[in-house]
Amino acid sequence: RRAREEERRSLPASTRDGHRVEIAANVNFADQAAFALSQGAEGVGLMRTEFLFLERGDTPDEEAQLAAYTAMQDALNGRPLIVRALDIGGDKQVAHLDLPREDNPFLGVRGARLLLRRPDLLDPQLRALYRAAKSGKPLSIMFPMITSVPEIIALRGICERIRAEVEGPEVALGIMVEVPAAALAADVLARHADFFSIGTNDLTQYTLAIDRQNPELAAEADSLHPAVLRLIRMTVDGAAAHGRWVGICGGIAGDPFGAALLTGLGVQELSMTPRDIPAVKERLRDCDATALRALAERALTCETATDVRALEADL
Ligand code: PEP
Ligand code: MG
């Protein structure tokens, strides 16, 4: 029985009526990729590169970053890899960078806002990424905390300059949807971004105005809140208008019912903690995509996250 379960992990997540969902893993270091693959990961949907900085206590230079990205590509053996550009600020403080203190770091210079102000951090990272892409092994780049079109245009411009400098190949450039503004304007942002990955941890925090780290409010910070689901739907619709794909890399992607509901909302890729993969795949295989679409429509009209979760009984 165990052997059968292990065998099933490596099979795709296809619903009973044949709708395929891509299942990826959130993995930061190459030496954790083998475990993710053993759980059934089909690639890495989120490599959080700030951990390269946090782990060492200093800033890894271009060569050290190139080694980290190449090692991840090698560990994935031709499977897709999405690397997130440095996401620092908010809950991810890096002491050795000595950044200015802010009264509201979650509303401050974090993610893409920091990258655009710090070419000394962004340029070496992009050089390492474009050099890694020269191997011909899959690699995409995504940018955190995007709120506007000018940010994407500026980042694309920097990517193009660096691609030319290192004579690298074209790389798909995606954005994270983590701020309500990005979801609300998804149809506009989709003109400029090759794909979307929704960061539901931050999207929930900013939509509900609940600090993601406040234990007192943890139960209320539910990514299945109908307001968050509506923003996910807007993102899916905005992306579809321009033929872009949408994934989710926040914690809710690893919740079996959440994964089913997100699939019903039209999300095409789910990236999660490796150990969550087997249960999510099993859950999706037990569903019909048609039923999930109907479920999603009902969820969008629910009054509370509790009501949304109660829909599981009807699945
Ligand atoms: C998110 O915000 O959902 C996300 C995936 O990014 P992080 O948790 O690293 O902020
Ligand atoms: Mg985030």
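Colleague: What should I know before reading the model?

Modeller: It is predicted: local features need pLDDT of at least 70, side-chain atom pairs count only at pLDDT 80 or more, and totals for chains, interfaces and linings use all residues. Residues are numbered from 1 along each chain as its sequence is written, while chains are lettered from A and ligands numbered from 1 in the order in which they are written.

Colleague: Which residues surround ligand 1?

Modeller: A residue is near a molecule if its C-beta atom, placed from the backbone, lies within 6 Å of it. Around ligand 1 that gives L46, R48, D87, E178, G199, T200, N201, D202, C249 and G250.

Colleague: Which elements give two or more residues to that shell?

Modeller: Helices (H or I, at least four residues) and strands (E, at least two) are DSSP runs, numbered from the N terminus. The elements here are β3 (44-48) and α10 (200-208). The largest share, three residues, is from α10.

Colleague: Where is N77, buried or exposed?

Modeller: Buried means 20 or more other C-beta atoms within 10 Å of the residue's own, exposed 12 or fewer, partly exposed in between; C-beta atoms are placed from the backbone. N77 lies in the loop between α4 (62-76) and β4 (81-84). It counts as exposed because it has 9 C-beta neighbours inside 10 Å. Its phi is positive, about 50°, although N77 is not a glycine.

Colleague: And M145, buried or exposed?

Modeller: M145 has 26 other C-beta atoms within 10 Å, so it is buried. Its loop runs between β5 (140-143) and α7 (149-166). M145 is not glycine either, and its phi is positive, near 60°.
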